[in-house]
Amino acid sequence: MDHAAPPPDAHVTEITPTAPVAAASHGGRAKCLQRLVRLEMPLPRTVALSFATVHGIAAGRMPDIGALVAGFDPGALLCVRPSSGDPDWGGPGAILNIGMTDARCRALAPRIGAEAARALYLRFVESYALHVARLDPDSFEGRDAGQPDALKAALAAYEDEAEEPFPQDPVVQLSEVLRSMARAWEGTTARILRQARGAPADAGLGLVVQEMALGVGPGECGSGVLQLVDPETGLPQITGRYLSQSQGREALERGLPSLYLGRDPRGPSLEELAPQAFADLKRHAARMRERLREEMQIEFTIEDGRVHILDGIRVPRSARAGLRIAVRLAEDGVISRQEAVMRIEPRAISELLHRQVAPGAPRDVIGRGVAASPGAASGRIVFTAADAQASAARDEPCILVRRETTPEDIRGMHAASAVLTERGGMTSHAAVIGRGLGLPCVVGASRIRFHFERRQIACADGRLLREGDTITVDGTTGEILAGSPAMVEAALDDAFTTLMDWADAHRDIAIRTNADTPADALTARNFAAEGIGLCRTEHMFFEADRLTPMREMIFADSPEDRQEALALLLPMQRGDFVELFRIMEGMPVCIRLFDPPLHKFLPSDRAGLRDLAEALDMAVSDVTRRVESMGEYNPMLGLRGVRLGITVPEIYDMQARAIFEATLDASRDGAPVVPEIMLPLVSARREVEIVRARIDAVAAAVRAERGRDFTYRLGVMVETPRACLRAGDIAQHVHFLSFGTNDLTQMTYGLSRDDAGRFMQAYVAEGVFREDPFHVLDHEGVGELVKIGADRARHARPGITLSICGEHGGNPDSIAFCRAAGMDYVSCSPFRVPVARLAAAQLAIRDALQN
């Protein structure tokens, strides 16, 4: 039997308890209003238009608006609100007082007063003119509703601008409002904006048409919003606003806020003006919290002391409030602990760990770059690490500005409040160290001109900033701001600890940290890291008392001279490792042996070369010649990593001895330590065999000298495509493989991770790359190499430990890949450990719910 085609208005549905309304077809607002109807809340009559209907309106297929209007009470004023799939996607603004005409204004005057009726009419004329007819705003804004001629002037202005009288038919008014909102949603600009907020390209819009409860008239009347929590703190507190018809104008004239809820010494509150209405609102809000399983904000009006609920939305909240709300709902039994964990976005956790620019604070943006390390900080501009240290000594916050940072800048980065660089990407030196220190950092700000000789920054808008001027670096958004806006401090409390404990109960992959110093390790331990997955030992050599012996070792002409210089470093390195082992209290500590090219430790400027010549008792010309001779065309692919361990073996010998002696020293006072030693940049099995033989020899010597036994685990940092392909050969000689995805991405793509930031935004915008591969692990290319390496390693050595220790370890999308690939743990910067813990727990919960 053939079915007749549905009428054009088949998807214009009155919202009743049983109406076929769904968020997927009518939007979130329409579905929420239906839930309120089911809870028997005092809602005015409401009709929902589906996504399909609104799309049809935009294309010129209008439903029967006459029938729609006839369904409401005669003479009722209407409002139209958007109902998108997600409130964060935005949408056109609400239009109120539809149906207001000359006749309706006269009819309302005896009941609500002539002035109030004219005010409603005026506001509708202004709104209709601006948002529906799209007339010139200058002709309508700023009129005083209290002036008797204001309405007449607005109607005249409309007729003059539109070249036709203001429409007096409610059907025409509603038709034009619906058409305007539908077309606004489907316009190019609106589509681009909502896609930037994460909406799909074909996201639909529903519209809600509701009879208005005006909140004006005899008795106590007004309108407002109410919620049971503070949206900034998340603590229980009745907040919101209420504008009383009788008190609003008086309050404005006296310069007082016309916002009242609880008792206020400056004027009467809603609780005093309408105690029964206030009690009803609290009761409604509590019931909505329990039944809708969420803290809700009620939009309401009061007419003659009687409450009308117009809408209910999820309480807008800060990251801090969102976490507290989720924990309280779970503790009160409203939602489960699992659901509380799932409700918190991992990036929100990152916001809690760092100072942020206060929401709503003025932002004078002077430039943008890559948001490399979250948080925000203000300070005076300095251009060298030495100046940053001097500024810190004076207790003056500073922003270290560099073309790009190097290991020599470490002390300056420790002293600075934030770092800004002209070059770099998500895995550049400044980004990696910034995340490790919890230091706000923006890199790759290439549109700002950096004049280091003149110590100036030239902004794109022509402004010139000099050394000593105050700027703010927002590492969460990637923006650089002039001046120092208001800040919100980091906020970790019992709710944070509780939620993370709940998350850990579901997590099925371990989270370690990348920690180079005892301070890093202590931070990570406080964030409940389960060990150190990567300790970069080279950063330990840049302290002032270590740099000179390091340079003496580099300039040494024989193994004996190198050993003599390294002997000065041995006790210092041993002390570092003892402290790390004791902080981690028996947890695994994976120490990567020396990795960078040796020239990274040598000065490049004239003053530095002169100081080095004096320290080594050599001629400046000889030092300069030696430094230049050590230069490489591409040092990141040159003499570094395990290649140094083979060609300059004394370095690895010293480090191995320091690790083993520290193991025995730390084990004397606590649980036995089993250190993990990792060889960087391996690409061949023979490299492992050669270095392992020397390390075993050092271990035997230390056992003999100390008369005590110990064990250690040897592993490889898989950073080259060849190491992934030959992982089966390499795995037979090691206990673990840790994929260093920073260098692996660089080598797989043939991209410099320090320079890719210059064009990466364009590549992502053009769809060449889905995301910056240095920020989110590339599953298809780099990920395939990782899977190949993991599979071949397991086949050759079942039970081998596998992990990722690049910066991808703290990214939720990359953690999902690691779980699917069967990794034992991921390792990330200390301040990303809580983010990784939460993301891993959410992945496990999601899998459990689907299975």
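Q: Before we start, what does contact mean here?
A: Contact means heavy atoms within 4.5 Å. Also keep in mind that this is a predicted model.

Q: Got it. Which residues is alanine 445 in contact with, leaving aside its neighbours within four places in sequence?
A: Alanine 445 is in contact with Arg368, Gly369, Leu420, Thr421, Glu422, Phe450 and Ile480, once neighbours within four places in sequence are left aside.

Q: And where is the place of alanine 445?
A: Alanine 445 sits in the loop between strand E16 (441-443) and E17.

Q: Buried or exposed, that alanine 445?
A: Buried: alanine 445 has a relative accessible area of 0%, and the cut-off for buried is under 20%.

Q: How far apart are the C-alpha atoms of alanine 445 and arginine 403?
A: They are separated by 9.5 Å, while the two residues are 42 residues apart along the chain.

Q: You mentioned E17. Which strands form the open sheet with it, and in what order?
A: The order is E17-E18-E19, three strands in an open sheet with antiparallel pairing.

Q: Why is one side of E17 and of E19 left without a neighbour in the sheet?
A: Strand E17 (449-451) and strand E19 (464-466) stand at the edges, and each has a single partner strand, so one side of each has no neighbour in the sheet. From one strand to the next, the twist averages 20°.

Q: How many bridges join E18 to E19?
A: Three bridges join strand E18 (residues 456-458) to E19, and the two run antiparallel. Within that pair, alanine 458 stands opposite leucine 464 in E19.

Q: Switching to E24, how many of its residues are buried?
A: Five of the five residues in strand E24 (residues 532-536) are buried, which leaves the strand mostly covered.

Q: Which strands pair with E24, then?
A: Strand E23 (residues 510-514) pairs with E24 in the parallel sense over two bridges. Strand E25 (residues 589-592) also pairs with E24 in the parallel sense, over three bridges.

Q: What do E23, helix H20 and E24 make?
A: Together, E23, helix H20 (residues 518-526) and E24 make a β-α-β unit, and that unit is right-handed.

Q: New topic, helices. At what angle do H30 and H32 pack?
A: Helix H30 (residues 741-749) and helix H32 (residues 782-796) pack at about 115°, with their axes 10 Å apart. The crossing in which H30 passes H32 is right-handed.

Q: Which residues meet there?
A: From H30 there are Leu744, Thr745, Thr748 and Tyr749, and they meet Val782, Leu785 and Val786 in H32.

Q: How many residues does the largest nonpolar core have?
A: The largest nonpolar core has 127 residues, and those with the most contacts inside it are Ile349, Leu499, Phe660, Ile695 and Leu737. A second, separate core has 53 residues, including Val54, Phe72, Ile98 and Ala129.

Q: What does phenylalanine 660 touch?
A: Not counting residues up to four places away in sequence, phenylalanine 660 touches Ile677, Ile695, Val698, Ala699, Val702, Phe710 and Tyr712.

Q: Last one: histidine 308, buried or exposed?
A: Histidine 308 is buried, at a relative accessible area of 12%. Histidine 308 lies in strand E9 (residues 306-314). Its contacts, leaving aside neighbours within four places in sequence, are with Pro42, Ala213, Glu299, Phe300, Thr301 and Glu303.

Terms used
Residues numbered from 1 in each chain as written. Predicted model: local features only at pLDDT ≥ 70, side-chain atom pairs only at ≥ 80, totals over all residues. Heavy atoms only, no water. Buried < 20%, exposed > 50% of the residue type's maximum accessible area, 1.4 Å probe, protein only. Helix = DSSP H or I, 4+ residues; strand = E, 2+ residues; numbered from the N terminus. Pairing = 2+ DSSP bridges. Right-handed = clockwise from strand over helix to strand, strands pointing away. Core = buried A, V, L, I, M, F, W, Y, C linked by side-chain atoms within 4.5 Å. Axes fitted to C-alpha atoms, helices over the stretch in contact; angles between N-to-C directions. Left-handed = near helix turned anticlockwise from the far one by under 90°.
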